[in-house]
Amino acid sequence: EATEDRVFELVEPKVAELYERKRAEWEAQQLSKKSRDRADTKGAVTPLSEVEEEAEGEEGEEGAGEEEIVPVFTLQDLAPAVKKLERRVKHSCMERWDELSTAYTEGMRAVMAWQRKQRHEVARGFAAIQQDFVQFVSREDDRQDAVDAFVKTFNDFVDEFPDMLCQDSTKEELHLKADDLAVTLTEKTEARRVAGLQRHAAIVESGWLEA
C-alpha cells in the first residue's frame with residue numbers, strides 16, 4: 001500500500017501540471033479577448049505582440065495596487081486528473097481523507113464536550129459561592145442574647161422592687177441601661193456589616209470569577 005509521502009509524490013506533479021495548463025489557457029483567453037475588443041473599436045485586429053506589451057504595461061501600472069486574484073481552476077477541474085490516478089493511490093487518498101475527517105469530528109466533539117463541562121463547573125462554582133455567602137450573612141450572633149439579658153434584668157427588678165419604678169432616679173437608671181443596650185446592638189450590627197463587606201470583597205478579589 002502506498003505511503004503518505006508516496007501519495008504526495010504521485011499527486012503533486014499531476015496537480016502542478018493541471019495548474020500550469022489552466023493558467024496558460026486563462027492567459028490565452030484574456031489576450032484573445034483584448035484582441036477582439038481592440039478589433040471591434042478600431043476595425044482591425046491588433047497583433048498579439050502588441051496585446052502582450054499592453055498587458056505587461058498594465059500589469060506594471062497596477063503593480064502598486066492590490067493584485068486581483070483570479071481562480072485558475074475549481075474542484076470540478078480536478079475530477080479528470082483524479083480519475084487518471086492509480087487505484088491504489090486513490091484508495092490511499094480516500095483513507096487519508098477518512099482519517100482527517102474522523103480526527104476533525106472527534107476533536108470538535110471533544111472541544112464541545114469540554115465547553116459544556118466547563119460551563120457546568122462554572123455554574124456550580126457560582127452557586128456554591130452564593131450559598132456560602134448567604135450562610136455567612138445569615139449566621140447567628142449574640143444580639144438576641146443581649147436583648148434577652150436586658151429584658152430579664154428589667155423584669156427581675158420590677159418583681160423585686162415594684163415601688164421604685166415611680167422614682168426619677170430609677171427611671172434614669174433604666175433609661176441609661178436601655179441606651180447602653182442600643183449602643184451595644186449598634187456596634188454589633190456595624191461589626192457584622194463590616195464583616196459581610198470584607199467577605200464580599202474577598203470573593204470579588206479572589207480571581208475565581210475572572211478565571
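Tutor: Start with a definition: buried means under 20% relative accessible area, exposed over 50%, and partly exposed in between (1.4 Å probe, protein chains only). This is a predicted model, where local features need pLDDT of at least 70, side-chain atom pairs count only at pLDDT 80 or more, and totals for chains, interfaces and linings use all residues. Residues are numbered from 1 along each chain as its sequence is written, and side-chain values use heavy atoms, with hydrogens and water left out.

Student: Why is F157 called partly exposed?

Tutor: F157 has 22% relative accessibility.

Student: What is F157 in contact with, leaving aside neighbours within four places in sequence?

Tutor: P162, M164, L165 and T170. Contact means heavy atoms within 4.5 Å.

Student: Why is α5 called roughly antiparallel to α6?

Tutor: The axes of α5 (residues 143-160) and α6 (residues 168-204) come within 10 Å and cross at roughly 170°. Angles run from 0 to 180 degrees between N-to-C directions, with axes fitted to C-alpha atoms, for helices over the stretch in contact. Under 35 degrees counts as roughly parallel, over 145 as roughly antiparallel, 65 to 115 as roughly perpendicular, and the rest as oblique. The crossing angle therefore makes α5 roughly antiparallel to α6.

Student: Which residues of α5 and α6 make the contact?

Tutor: On α5, they include F150, F154 and F157. On α6, L174, L181 and L185 are among them.

Student: Why does Y104 count as exposed?

Tutor: Y104 has 56% relative accessibility. Exposed means over 50%, so Y104 counts as exposed.

Conventions: Helices (H or I, at least four residues) and strands (E, at least two) are DSSP runs, numbered from the N terminus.
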